[in-house]
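This report walks through a single protein model and the spaces within it. Please keep the sequence and the structure in view while reading.

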Amino acid sequence: MGRVAVTDGMDEKAIEMITDNGHEVVVKHYTVEELLSGILADFDAVVVRSATKLTRDVINSSVNQQSRLKFIGRAGVGVDNIDIEAATEKNIVVCNTPRASTKSVVEMTIAHLLASCRNITTADRKLREGIWAKKELVGTELSGKSLGLIGYGRIAQGVGNIAKAFGMDLHAYDPYVPKEIAKKNNCRLHDDVDSIFRMCTHVSIHCNLTEETYHLVNSSRINQMPRKGDDGIDCGNHLINCARGGIVDEAAALEALESGQLSSVALDVFESEPATNNPLFAHDNFHGTPHIGAATKEAQARIGIEMASLIIETLNGEKPKTSLN
Ligand code: MLT
């Protein structure tokens with residue numbers, strides 16, 4: 001029998017799948033101190049989302065001569081909270097579920113894009129305050145504007161395809177994606193990230209957080225955004241991030257909201273999470289969600305089933321086909 005730690009929650013059906021295969025599942029969030037005390041050494045597998053940070057120190061503390069840990073599962077896409085190199089050195093397999101949440105994050109991004117341009121959250125706040133702001137809240141259409149996608153993987157391509165149906169022109173920056181993919185989707189792939197900011201009034205982030213992408217969206221890039229759409233409409237500039245906190249320099253975004261260079265900032269992810277006291281929250285043209293891009297019943301069910309299958313394979317002594325190391 002294997003022991004599996006689920007530290008940031010997992011779909012009930014997935015837990016059942018693991019226990020039905022004769023393994024024990026412990027659903028419990030551990031503090032950093034508990035993780036550093038080596039608590040994970042008593043488990044064969046650990047499944048995390050973004051809240052648990054499996055740093056080099058935590059991984060090293062989880063491995064001793066009697067330890068059983070052989071599998072780290074990331075129930076989701078981003079693995080910036082797992083030191084894969086440290087795991088590899090300790091012969092621990094790391095797997096994520098990169099496709100399971102694509103549709104949900106695409107839809108979330110589009111929701112933020114539409115909310116940004118049609119003042120949905122401001123309108124709602126005003127209504128609740130008893131203000132009928134019909135004259136004040138004039139939005140702009142997505143049609144005839146340029147959308148810049150930073151990162152052009154599965155999620156960005158999904159967002160692009162929907163935005164195209166709204167009549168947007170697509171631009172993307174992704175040094176790792178073949179040109180043919182962008183061409184097939186009628187998306188102009190740029191060699192230089194700055195030219196996205198120069199050409200696009202709407203920018204949406206879809207890359208991983210790495211040393212290279214940390215604060216990629218900074219004052220100098222935001223200041224290049226054109227404010228005027230390709231159709232000549234003064235639509236302002238709009239920034240959306242449903243990928244990872246830390247890619248947008250939040251202080252720069254706030255400064256740009258204050259100066260009017262950005263007309264809206266919509267974030268699902270924050271540099272420091274949980275974000276409960278972020279200075280952006282005080283600005284009317286900011287709206288946000290608490291990292292819920294993948295939080296749909298459908299995505300969580302898919303993620304859970306995929307993760308449970310990977311764990312069962314590993315506990316049966318097989319090497320998962322889709323590991324990251
Ligand atoms: C992911 O990387 O899969 C998402 O950010 C979802 C999450 O961490 O909850």
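How many nonpolar, polar and charged residues make up the shell around the ligand? The model examined here is a predicted one, and in it the shell around the ligand has two nonpolar, four polar and three charged residues.

## The ligand and its surroundings

The residues found around the ligand are Arg-49, Ser-50, Arg-74, Gly-76, Val-77, Gly-78, Arg-244, His-291 and Ala-294.

## The largest pocket

The place where the ligand sits is the largest pocket, which holds about 1200 Å³ of space. Its lining is made up of 46 residues, and those that lie nearest the centre of the pocket are Val-77, Gly-78, His-206, Cys-207 and Asn-208.

When the lining of the largest pocket is divided by class, 22 of its residues are nonpolar, 15 are polar and nine are charged. Val-77 and Gly-78, which lie among the residues nearest the centre of the pocket, are also among the residues around the ligand.

## The cavity

Rolling a probe the size of a water molecule over the atoms shows where empty space is left. The structure holds one cavity of 30 Å³ or more, and the space in the largest cavity comes to about 30 Å³. The residues that line this cavity are Gly-9, Met-10, Asp-11, Arg-49, Ala-75, Gln-300, Ile-303 and Gly-304, and by class they divide into three nonpolar, three polar and two charged. Arg-49, listed in the lining of the cavity, is also one of the residues around the ligand.

## Two backbone details

Which two residues does a cis peptide bond join? The bond lies between Glu-273 and Pro-274, with an omega of about -5°, and Pro-274 is found in the loop between strand S11 (264-267) and strand S12 (286-288).

Another detail of the backbone concerns Asn-91, which has a positive phi of about 60° although it is not a glycine. Asn-91 has its place in the loop between helix H4 (84-89) and strand S5 (93-96).

Technical notes:
Residues are numbered from 1 along each chain as its sequence is written. This is a predicted model: local features need pLDDT of at least 70, side-chain atom pairs count only at pLDDT 80 or more; totals for chains, interfaces and linings use all residues. Side-chain values use heavy atoms; hydrogens and water are left out. A residue is near a molecule or strand if one of its heavy atoms lies within 4 Å of it. On a 1 Å grid over the protein atoms alone, a cavity is a set of points where a 1.4 Å probe fits but cannot get out, and a pocket is an open set with protein on both sides within 12 Å along at least five of seven lines; lining residues have an atom within 4 Å of a point. A molecule sits in a cavity or pocket if more than half of its atoms lie within 2 Å of its grid points. Ala, Val, Leu, Ile, Met, Phe, Trp, Tyr, Cys and Pro count as nonpolar, Asp, Glu, Lys and Arg as charged, and the others, Gly among them, as polar. Grid points are joined across faces, edges and corners, and a volume is the space filled by probe spheres set on the points. Helices (H or I, at least four residues) and strands (E, at least two) are DSSP runs, numbered from the N terminus.
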